[in-house]
There are 2 protein chains.
Amino acid sequence: MSVNLSKTHMPSLAVVGATGAVGREMLLVLEQYNMPLSSLRLFASSKSAGTTLPFRGKPITVEALAPAWYQGIDCALLSAGSSVSKQIAEDAVNAGLILIDNSSAFRMTPGVPLTVPEVNPESISLLKAAVQSQSRSGGIIANPNCSTIILLMALAPIHRAFGVSRAVVSTYQAASGAGSQGMDELLDQTRSVLNGTTPLPKVFAEPYAFNLFSHNSALDPVSGLNAEELKMIHETHKILSDPSVRISATCIRVPVMRAHCESVNITLRSPATLQDIHRVLSQAKGVEVIDDRANNNFPTPLKATGGDNVLVGRLRVDPSQHSPGQSLDTPTLGFDMFIAGDQLRKGAAQNAVQIAQMLYC
Amino acid sequence: MSVNLSKTHMPSLAVVGATGAVGREMLLVLEQYNMPLSSLRLFASSKSAGTTLPFRGKPITVEALAPAWYQGIDCALLSAGSSVSKQIAEDAVNAGLILIDNSSAFRMTPGVPLTVPEVNPESISLLKAAVQSQSRSGGIIANPNCSTIILLMALAPIHRAFGVSRAVVSTYQAASGAGSQGMDELLDQTRSVLNGTTPLPKVFAEPYAFNLFSHNSALDPVSGLNAEELKMIHETHKILSDPSVRISATCIRVPVMRAHCESVNITLRSPATLQDIHRVLSQAKGVEVIDDRANNNFPTPLKATGGDNVLVGRLRVDPSQHSPGQSLDTPTLGFDMFIAGDQLRKGAAQNAVQIAQMLYC
């Protein structure tokens, strides 16, 4: 039993999709967080198999996913896309693995936790209990979509304190949301434009250098919302366990590398002052308030890049929801804010590693 | 009288600030619109005096602003900044000139028309009558701020048809709003980053390459709104002659060259269907609807660049203002849309030339 106990507390972990932008960031975060591991195995497509990735100073050889790849593994962080997740999940879960899946495959599946550790840690309490009792029962935990995680890091603490009845969100989303290919496309096209040549779009239909465009996910022909916007709405409802939060989402891809921003207008259920909002956000774990009006110092993608925290600023009373005659210190229902978060970290890899930490540490 | 009549209908025009990004675009638009002119003189700072700019195939020498620069001029398009406009306006108006001022100097001055020709042409009817009666009474017409013009090209037709009670606007503003220096900064910093060197900010406090930031205008310490956001609110109220339109504005500078985008969530006074909104925008002069859900083809900065029209798309019913159970075809109050417009053209130079055309053509 001592071997098992040690194994439970120091899981043998796998990263599936290890060579992608999120996979590499998972390795980095596992290192930075000094996550206790009994072993680490890396998987990717057969194209990438055989290459090595460094981890804690040693190279690990990337393996192709073979049948029974999961033998001897306790927990796998999946970031290889929805179709791979759907293909491999059932056998792996039956073999007792816990899958922390960064794809959208199981996010809205009833019974599958959709987890932001700072927001709804209770969602994984059953699986955590199973891990700690060494039952090896297996299961899936879904990592929410990047723009949803980053939004909720700021919105959920406000929702808990005052209730959010409505949020109008416009996003400024980075290239990394489309993986390293998306980032390469932004860099390559920008080089082309600066060299005076015409870039050929590969990943995105629209030109990306010095341009921006409506998110490249498919649109629902009836509602006109794209998949990214629908995720923000539906995942928010599931994570907050509150489908009554009304959301307007407009998701836009902008020419920045790896941090998303979101302009958020909120309507509260119970009135609050700006000081209340400041206080709630300042006390929220994983949130850093950058809101220096005198020096025009607010969240930006570059300030969020490489960091763990979601940055929030431009906090202000929304004049469109406040009586013009009233002092701005009067408790009110409407506020504006601007959020920035690293898409690869809190939007993906970091959130997944945090879930693993909650299970095993 | 025949000389005067000809002069009235073919004004002798000046462009003040001719060497700036907006000034150069004014020359281009005057050419493209084939504006009838009896003469054209170009003014700029003493640093630029003596250089030439081409107009209709011939070079025009740029002059420094000297005392009595305005003699023999009927109308001047000003784009040299607020302080120059304030310095030169009184004498020029007393000498009978009509000034079409692109700065913010007089926009909110009572009695000064703030004009978007497609939206409130009636605002300049007195000055137009004066021109046509050859009274040479002089006056100022203010060109609104770029982001306000671009917003109102889409919002005003909807407001006229159904009434807009509230708009939540998040902008994606181009470098050109800070002039050619702003555009140079974006290009130079992007080159630096791609070459692996660290760019030094000059125009903007924040790094600009592959980044975005809250608009660089000063913030009102009480409300927390920056000057760009306050312009959008106050200028909209003046142009629509309706201070009851409630506006939340978040103004963000993004790394694109010369076209602004705006994500706009609206609440109507009278319910409409999406088809109604489509129809109103399709019929609006100067507006082009690009709203192809099947092909994910919507407005972008590059599509708006160099064109006269403001592009509108991503038209959809706002789910956060619509009863979940009701058909999306039921008339409703909430809609979302995404707008793109060339900042240098409709946001500045083109709008000013259109005003001159209204006066003299």
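This is a predicted model: local features need pLDDT of at least 70, side-chain atom pairs count only at pLDDT 80 or more; totals for chains, interfaces and linings use all residues.

Reply: Start with B:Arg314, which sits in strand β14 of chain B, a strand covering residues 310–317. Is B:Arg314 buried or exposed? Its relative accessible area is 1%. Buried means under 20%, so B:Arg314 is buried.

Now look at its side chain. It makes a polar contact of 2.7 Å with the side chain of A:Glu229. Another polar contact, of 3.0 Å, joins B:Arg314 to the side chain of A:Ser214.

Next, the empty space. Rolling a probe the size of a water molecule over the atoms shows where such space is left. How many cavities of 30 Å³ or more does the whole structure hold? The search finds two.

The largest cavity has about 80 Å³ of space. Its lining has 18 residues. Nearest its centre lie A:Val168, A:Ser170, A:Ser263, B:Val168 and B:Ser170. Which elements give two or more residues to this lining? In chain A they are β8 (164–172), β10 (246–250) and β12 (259–272). In chain B they are β8 (164–172), β10 (246–250) and β12 (259–272). By type, the lining of the largest cavity has six nonpolar, ten polar and two charged residues.

The second largest cavity holds about 40 Å³ of space. From chain A, the residues A:Thr190, A:Phe210 and A:Pro255 line it. From chain B come B:Leu186, B:Thr190, B:Phe210 and B:Pro255. Five residues of this lining are nonpolar, two are polar and none is charged.

Key: Residues are numbered from 1 along each chain as its sequence is written. Chains are lettered from A and ligands numbered from 1 in the order in which they are written. Side-chain values use heavy atoms; hydrogens and water are left out. Helices (H or I, at least four residues) and strands (E, at least two) are DSSP runs, numbered from the N terminus. Buried means under 20% relative accessible area, exposed over 50%, partly exposed in between (1.4 Å probe, protein chains only). A polar contact is a pair of N or O atoms within 3.5 Å; within protein, one must be able to donate a hydrogen and the other to accept it, and residues adjacent in sequence count only if both atoms are side-chain atoms. On a 1 Å grid over the protein atoms alone, a cavity is a set of points where a 1.4 Å probe fits but cannot get out, and a pocket is an open set with protein on both sides within 12 Å along at least five of seven lines; lining residues have an atom within 4 Å of a point. Grid points are joined across faces, edges and corners, and a volume is the space filled by probe spheres set on the points. Ala, Val, Leu, Ile, Met, Phe, Trp, Tyr, Cys and Pro count as nonpolar, Asp, Glu, Lys and Arg as charged, and the others, Gly among them, as polar.
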